[in-house]
Amino acid sequence: MGTTTSTLTPPAAGEIWPGQGGRFICTVAASAGLPARHLVFGTAEAEALTFGPYVDVPGAKSMLDGRANTAALLDSGNEHPAAAWAAAYTEDGHTDFHLPSRVDLVLAHAHAKEHFSEDDWYWSSTQFSRYYAFVQGFEDGGSGWYGKVNEHRVRAVRWVLLNP
């Protein structure tokens, strides 16, 4: 299934959204050329994946567009285990998941941190340079730029677009 357009009413933040592939996090307004959308994070996660090699990938620096970042990482010709895992994730029949952007993870912490592990960082799809990509913690909300060859957790996200 591709990214869907929704007239459905989502549940409360952090609750499972039946048939939509996981937990509803929040609704994001249209901005920076991206559509208004609901963020839905899958319920399963990987525990020890690297972001990828020390390579600067053009098109993978968006703070907002994890879908475009993930596509750029996968099309780069290099292995990017976190992005590959997220893109291959399926739940409730949905196959349009991607590695979350920096902002997606910050919003997940703000709205549903209790549904994420406090034991490690989570990779985003947002890179800073050839060496670093953004990670988000869920114990105290800490975040930063970590070396791409480190192993951290990964959770996939999908967009449910709002009707125009």
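The model is predicted, so local features need pLDDT of at least 70 and side-chain atom pairs count only at pLDDT 80 or more, whereas totals for chains, interfaces and linings use all residues. Residues are numbered from 1 along each chain as its sequence is written, and side-chain values use heavy atoms, with hydrogens and water left out.

Salt bridges were examined next. A salt bridge is a side-chain nitrogen of Lys or Arg within 4 Å of a carboxyl oxygen of Asp or Glu. The structure holds five of them. One joins Arg 153 to Glu 47, with the closest N and O atoms 4.0 Å apart. This pair links distant parts of the chain. Arg 153 belongs to strand β9 (residues 151-154) and Glu 47 to strand β5, 106 residues apart. Helices (H or I, at least four residues) and strands (E, at least two) are DSSP runs, numbered from the N terminus. Arg 153 counts as buried because its relative accessibility is 11%. Glu 47 has a relative accessible area of 54% and is therefore exposed. Both residues belong to a salt-bridge network that also links Glu 45 and Arg 155.

Arg 158 forms a salt bridge with Asp 96. Here the closest N and O atoms are 2.7 Å apart. Arg 158 lies in strand β10 (residues 157-162) and Asp 96 in the loop between α2 and α3 (102-112), so the bridge ties together parts that are 62 residues apart in sequence. Arg 158 is buried, at 0% relative accessibility. Asp 96 is also buried, at 11%. A further bridge connects Asp 56 and Lys 61, whose closest N and O atoms are 3.5 Å apart. Asp 56 is partly exposed, with a relative accessible area of 37%. Lys 61 is partly exposed at 40%.

Aromatic contacts were then considered. A pair of aromatic rings is described by the distance of the centres and the angle of the planes. Rings of Phe, Tyr and Trp (its six-membered ring) pair if their centres lie within 6.5 Å; planes under 30 degrees apart count as stacked, over 60 as edge-to-face and the rest as tilted. A search of the whole structure finds 13 aromatic pairs. In one of them, the ring centres of Tyr 122 and Phe 138 are 5.1 Å apart and the planes stand at 80 degrees, so the pair is edge-to-face. Tyr 122 sits in strand β6 (residues 122-127) and Phe 138 in the loop between β7 and β8 (143-147), 16 residues apart. Tyr 122 is buried at 0% relative accessible area. Phe 138 is buried at 1%. Phe 134 and Trp 145 also pair edge-to-face, at 5.4 Å centre to centre and 70 degrees between the planes. Phe 134 lies in strand β7 and Trp 145 in strand β8, so this pair ties together parts eleven residues apart in sequence. Phe 134 is buried at 1%, whereas Trp 145 is partly exposed at 28%.

Ring pairs also link Phe 41, Phe 116, Tyr 122 and Phe 138 into a cluster. Arg 155 lies over the face of Phe 116, at 4.3 Å from the ring centre. Such a charge sits over a ring if NZ of Lys or CZ of Arg is within 6 Å of the ring centre and within 35 degrees of the ring normal. Arg 130 lies over the face of Tyr 131, at 5.6 Å from the ring centre.

The nonpolar interior follows. A nonpolar core is a set of buried Ala, Val, Leu, Ile, Met, Phe, Trp, Tyr and Cys residues joined through side-chain atoms within 4.5 Å. The largest core has 18 residues, and Phe 51, Leu 73, Leu 99, Trp 123 and Val 154 have the most contacts inside it. At least two of its residues come from each of β5 (46-50), α1, α2 (81-88) and β7 (132-136). The largest share, three residues, is that of α2. Apart from this core lies another, of 15 residues, among them Ile 25, Phe 138, Val 157 and Leu 161.

Asn 69 is found in helix α1 (residues 66-74). Asn 69 is buried, at 0% relative accessibility. Beyond four places in sequence, Asn 69 touches Gly 59, Ala 60, Lys 61, Ser 62, Ser 125 and Thr 126, where contact means heavy atoms within 4.5 Å.

Terms used: Buried < 20%, exposed > 50% of the residue type's maximum accessible area, 1.4 Å probe, protein only.
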